[in-house]
Amino acid sequence: MSEFFTNLKENGTVNIVELGGYLDAHTAPQLENVFSDLIKSKRFNVVVNFEQLNYISSAGLGVFMAFIETMRENSGDIKLAAMKPNVYNIFDLLGFPLLYEIFNSENEAIDKFIKQ
Amino acid sequence: MPHSSEDIRIKRNLTALVEFSRAVNSSLSMDFTLNNLLLSCFGKFLTTKGFVAINSNGFLTPVVLKGINKEELEAFPKIPAENTDDSKAMMRSFVKENNLKLCEPIVSSRGLLGCIVLGEKINKSDYTEDEVDFLRTILGIAATSIENSLFVDELRGLNRDLDKRLNRLSSLFELSKEFGALIEEERISRLLVYSLLGNFLVSSYAICYLEDKKLKVIESTVPKQPVLDYLGTINLQSVTNPVSGENLTASFEPLSRLKINLIIPMKYQNETRGLILLGKRMNLAEYSDADIEFITSVGNLAIMSLENRRLFKEALEKQRLEEELEIAKDIQRNLLPKNLPQFEEYDIAAMTVPSKQVGGDYYDIISTAGEDVYLAIADVSGKGVPASLLMANLQAFLKSITIQNLGLSDATGLLNNLVTENTSEGRFITFFWCKLLRNEKKLIYVNAGHNPPLLIRNNKLQYLDKGGMIFGVMKTFVPYAEEIIELQSGDLLVLFTDGVTEAKNRFDREFTDEKLETLMLGVKGEMKAGEIMNMIKSEIDTYVEGFPQSDDITMIVVKVK
């Protein structure tokens with residue numbers, strides 16, 4: 001099983017969180033810390049790049065639910081980008097496309113923030 | 001051979017039918033089929049507008065339209081998708097009102113699948129009987145294709161349901177794997193929450209846990225205090241099944257005011273040990289039975305993990321206490337004299353048998369530079385490490401004070417002051433000590449609230465009970481009294497702690513002072529101190545018949561030679 005990792009980048013006012021490996025119950029707290037830190041430093045525009053993420057479990061999805069409201073209450077958002085089909089499938093299955101904007105690429109997601 | 005116009009017409013119709021049939025059967029997409037159907041009609045009849053409505057949840061719903069604006073169809077009535085006169089009449093009037101021309105049902109063995117509605121032809125002529133026949137034929141072909149598409153959609157839906165179930169199963173598997181390891185309470189509750197959030201798109205929740213009869217809200221996005229206040233007023237055990245909907249509003253009104261939509265009990269060994277409270281799902285879907293079943297399973301997994309963790313903590317704590325007891329026992333053992341000094345004038349024996357729990361008995365035999373002999377016996381209140389430490393203090397004071405060569409009464413007063421300064425409230429020591437002189441057979445003693453030692457001479461008992469207050473209650477205010485006793489050869493002196501006289505048998509009856517006294521009065525003249533001590537001990541052993549000892553048993557026996 002490949003290790004889970006996160007990597008944080010900035011592009012203007014947009015914060016990009018790159019994910020890789022396996023996001024499951026075991027590794028979810030790592031991502032939670034990343035989001036908590038972003039909120040602490042008042043950075044509410046977040047794009048999550050899933051390009052290198054190989055697997056996500058529903059506990060992993062829960063992390064996004066746990067932070068979305070805080071981001072939106074502060075006129076930010078969590079936008080999702082570049083998911084592998086199997087990862088998108090889980091998001092789709094659990095009804096996330098209704099609540100989250102999902103983009104094909106990181107740039108499209110960033111553009112959406114900039115145009116707003 | 002010349003072709004009649006009739007022949008050409010039939011041939012053209014056949015070609016169109018074959019083409020259409022080939023096209024729609026090559027695809028399982030409903031949209032493709034319907035699109036093709038409309039376009040074929042438009043091409044064949046030179047129609048400019050039309051739409052297809054399909055049975056969706058029992059009503060006809062326009063899905064593919066051409067030459068007609070969506071707005072124009074907003075007025076499309078709610079027509080039951082049934083082959084009834086009512087439905088037909090409704091369709092007919094809609095067609096008429098909107099200047100449309102033709103409406104034909106699409107029917108298969110399953111019943112009414114939908115209908116096609118066509119507008120005016122470009123040349124404004126009416127549809128001929130022939131054209132209507134042709135339309136019916138291609139509708140027949142389309143019906144099979146639509147039916148297939150419906151099947152495929154159904155299968156897709158079923159597959160999606162299966163995927164959902166599979167996903168739930170893997171969620172459960174994942175959690176049980178995590179919960180199986182003994183992880184922190186906070187992590188257990190976070191995982192539970194993540195899993196629920198991820199699976200159900202909820203954003204408001206509270207997880208309550210009844211740990212050791214104390215209710216806690218361990219995770220929550222709703223205000224904790226109102227939840228705690230309210231749950232404090234209800235009997236948690238009465239929540240044995242999931243509660244939602246009207247039941248929740250009626251019976252758990254304060255929770256419903258906190259926007260809680262679902263209450264799921266978390267059970268451990270059939271007892272409700274916690275609650276999962278969930279708010280609305282963000283996609284506004286209701287919680288299905290399968291959802292509730294899943295949440296119940298996850299909740300029960302979590303509570304099991306929480307309980308296991310608690311039991312593990314308890315076991316650890318117990319182990320820690322046991323280790324502490326071992327340390328206390330060690331301290332205590334090291335305080336006791338390792339070798340008994342021997343004297344020409346006195347035959348002295350001493351023993352202490354610690355109980356399983358560490359008691360606070362202490363004795364010492366101190367002889368200063370070949371001079372006099374000090375015997376001390378004490379019982380420190382309390383057990384465990386604190387009692388042992390107090391005992392160690394006492395011993396240190398005692399050792400240093402005997403060197404000072406003070407009078408016994410003054411020394412006792414000082415000891416009490418030292419102990420009082422060094423004890424916390426509620427702790428005390430009963431203490432007896434005496435000095436056996438070497439050059440003359442004489443005993444000086446002070447008793448600070450200890451069980452009076454016995455002096456037996458010529459079959460008569462004397463209690464050594466002069467002295468004063470126990471140690472540790474307050475500083476010495478009234479000097480301790482001391483008594484001097486001239487000793488005679490053959491005198492028997494027994495110092496003991498209450499562990500001797502209060503040794504219990506299995507009927508909870510004590511050995512008693514009387515029994516000890518009778519025993520002592522029966523001691524034969526030739527017995528040595530050690531023999532007498534062993535006799536007392538074996539009498540006690542016989543009496544208690546192996547019933548576990550609850551207090552230390554300590555004795556010093558002195559026979560004046």
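Visitor: How many salt bridges are there between chain B and chain A?
Guide: In this predicted model, the count between the two chains is two salt bridges.

Visitor: What makes the contact of B:R190 and A:E32 a salt bridge?
Guide: The side chains of B:R190 and A:E32 meet at 2.7 Å, N to O, and the cut-off for a nitrogen of Lys or Arg and a carboxyl oxygen of Asp or Glu is 4 Å, so the pair of B:R190 and A:E32 counts as a salt bridge.

Visitor: What else describes the place where chain B and chain A touch?
Guide: The contact takes 24 residues from chain A and 21 residues from chain B, and the area buried between them is about 2100 Å², with 58% of that given by carbon and sulfur atoms. Nine residue pairs are in polar contact across this interface, both residues of each pair being at pLDDT 80 or more. On the side of chain B that touches chain A, the helices α4 (129–180) and α5 (185–200) each supply at least two residues.

Visitor: How many salt bridges are there over all chains?
Guide: The count comes to 37 salt bridges over all chains. One of them joins A:E10 and A:R43, whose closest N and O atoms are 2.8 Å apart.

Visitor: Why is the pair of A:E10 and A:R43 said to tie together parts of chain A?
Guide: A:E10 lies in strand β1 (residues 5–11), whereas A:R43 lies in the loop between α1 and β3 (45–56), so the pair ties together parts that are 33 residues apart in sequence.

Visitor: Why is A:E10 called exposed, and what is A:R43 called?
Guide: A:E10 has 55% relative accessibility, and exposed means over 50%, so A:E10 counts as exposed. A:R43, at 24%, falls between the limits of 20% and 50%, and therefore counts as partly exposed.

Visitor: Where do B:E253 and B:R257 lie?
Guide: Both lie in helix α8 (residues 253–257) of chain B, four residues apart, which is about one turn of the helix.

Visitor: What makes B:K442 buried?
Guide: B:K442 has 17% relative accessibility, and buried means under 20%, so B:K442 counts as buried. The side chain of B:K442 meets that of B:E440 in a salt bridge at 3.5 Å, N to O, and B:E440, at 37%, is partly exposed.

Visitor: Why is the ring pair of A:F35 and A:F67 called tilted?
Guide: There are 21 aromatic pairs over all chains. In the pair of A:F35 and A:F67 the centres are 5.3 Å apart and the planes stand at 35°; since stacked needs an angle under 30 degrees and edge-to-face one over 60, the pair is therefore tilted. A:F35 belongs to helix α1 (residues 28–40) and A:F67 to helix α2 (residues 58–73), so the pair ties together parts 32 residues apart in sequence. A:F35 and A:F67 are both buried.

Visitor: How do you know that A:F96 and A:Y100 are stacked?
Guide: Their planes are 20° apart, with 5.1 Å from centre to centre, and planes under 30 degrees apart count as stacked, so the pair of A:F96 and A:Y100 is stacked.

Notes:
Residues are numbered from 1 along each chain as its sequence is written. Chains are lettered from A and ligands numbered from 1 in the order in which they are written. This is a predicted model: local features need pLDDT of at least 70, side-chain atom pairs count only at pLDDT 80 or more; totals for chains, interfaces and linings use all residues. Side-chain values use heavy atoms; hydrogens and water are left out. Rings of Phe, Tyr and Trp (its six-membered ring) pair if their centres lie within 6.5 Å; planes under 30 degrees apart count as stacked, over 60 as edge-to-face and the rest as tilted. Buried means under 20% relative accessible area, exposed over 50%, partly exposed in between (1.4 Å probe, protein chains only). Contact means heavy atoms within 4.5 Å. Buried area is the accessible area (1.4 Å probe) that two parts lose on being put together, summed over both. A polar contact is a pair of N or O atoms within 3.5 Å; within protein, one must be able to donate a hydrogen and the other to accept it, and residues adjacent in sequence count only if both atoms are side-chain atoms.
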